[in-house]
Amino acid sequence: MGQNFVNQLYGTFDSYTWAYILVVIAFIASLIAQARVKYVYSRFDRVASQRGLTAEQAARAVLDYYQVYDVTVRPIAGKLTDNYNPRNKQISLSESTYGHSSIAAIGVACHEAGHAAQHATGYVPIKIRNAIIPVCNFGSRFGIPLALVGMFIPNHTGTSLILAGLALYAFVALFQFATLPVELNASRRALKVIGETGLLDGREKSGAREVLIAAAMTYVVAVAASLADLFRMIILFLGNRRE
């Protein structure tokens, strides 16, 4: 009976409808993941670490652990706008992180320091992700326009242009795939240093882990959203294509 219901449900919608349903589901999941990050961060931002270290001091401790001495830590405007820029070797901590000694702030700061350590140690996945960025930017800008041009050209030439455009656009999803292990590894590096150096105690470390897991889920959802969008584009451009 259950299988019959699934078959009937699937037969109710065509591929176009299913594609848009997946996009909507991914969008809702993205909103939930973002709300979850804000909730978890707010929860642990109210809990100060017993050692009283500030976020920038914790980030520096992670850098020292990996023997990275040429990276600076500075404040930046905004909330949860924390990032690491490998071009100028600078960790920028947001107003909600810099100068704070909460478990959440320390977890986020150590995560960004983990990215700096990745660059310093030649972490291969981050090299792959960085290599994809130029093609991803090009594909996100010109992939769909190229596919649109192909829609107005009949026969094989038009189909080839559509396929080329979709292939370029697929690099957006590929970039999200490449980003996920980079983010997860930065968090693992952060938690490793937190645990081994005692930046946070056992319960505090669990709180930092919860913050970083919530943040990681946004990247998992981003992968799903990019795949759903790519599937939608494939159906849209090739669903009724005839040679």
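**Salt bridges and helix packing**

Mentor: The count comes to five salt bridges, a salt bridge being a side-chain nitrogen of Lys or Arg within 4 Å of a carboxyl oxygen of Asp or Glu. This is a predicted model, in which local features need pLDDT of at least 70 and side-chain atom pairs count only at pLDDT 80 or more, whereas totals for chains, interfaces and linings use all residues. Residues are numbered from 1 along each chain as its sequence is written, and side-chain values use heavy atoms, with hydrogens and water left out.

Trainee: How many residues apart in sequence are the parts tied together by arginine 43 and glutamate 210?

Mentor: The closest N and O atoms of arginine 43 and glutamate 210 are 2.9 Å apart, and the two form a salt bridge. Arginine 43 belongs to helix α2 and glutamate 210 to helix α7 (residues 202-238), so the pair links parts whose separation in sequence is 167 residues. Helices (H or I, at least four residues) and strands (E, at least two) are DSSP runs, numbered from the N terminus.

Trainee: Are arginine 232 and aspartate 229 buried or exposed?

Mentor: The classes rest on relative accessible area: under 20% is buried, over 50% exposed, and in between partly exposed (1.4 Å probe, protein chains only). Arginine 232 and aspartate 229 are three residues apart in helix α7, so about one helical turn separates them. Both arginine 232 and aspartate 229 are buried.

Trainee: What is the relative accessible area of lysine 89?

Mentor: Aspartate 70 forms a salt bridge with lysine 89, with 2.6 Å between the closest N and O atoms. Aspartate 70 lies in the loop between α3 and β1 (72-75) and lysine 89 in the loop between β2 (83-85) and β3 (90-93), so the pair ties together parts that are 19 residues apart in sequence. Aspartate 70 is partly exposed at 43%. Lysine 89 is also partly exposed, with a relative accessible area of 36%.

Trainee: What is the orientation of α2 and α4 to each other?

Mentor: Two packed helices are described by the angle between their axes and the distance between the axes. The axes of α2 and helix α4 (residues 103-120) come within 6 Å and cross at roughly 120 degrees, where axes are lines fitted to C-alpha atoms, for helices over the stretch in contact, and angles run from 0 to 180 degrees between N-to-C directions. Angles under 35 degrees count as roughly parallel, over 145 as roughly antiparallel, 65 to 115 as roughly perpendicular and the rest as oblique. The relation of α2 to α4 is therefore oblique.

Trainee: Which residues of α6 make the contact with α3?

Mentor: Helix α3 (residues 55-65) and α6 pack at about 95 degrees, with their axes 10 Å apart. That angle makes α3 roughly perpendicular to α6. Contact means heavy atoms within 4.5 Å; Ala61, Val62 and Tyr65 of α3 meet, on α6, Lys192, Val193, Glu196 and Thr197.

Trainee: How far apart in space are isoleucine 162 and phenylalanine 237?

Mentor: Isoleucine 162 is placed in helix α6 (residues 155-197). At 0% relative accessibility, isoleucine 162 counts as buried. Isoleucine 162 and phenylalanine 237 are 75 residues apart in sequence, and their C-alpha to C-alpha distance is 7.1 Å.
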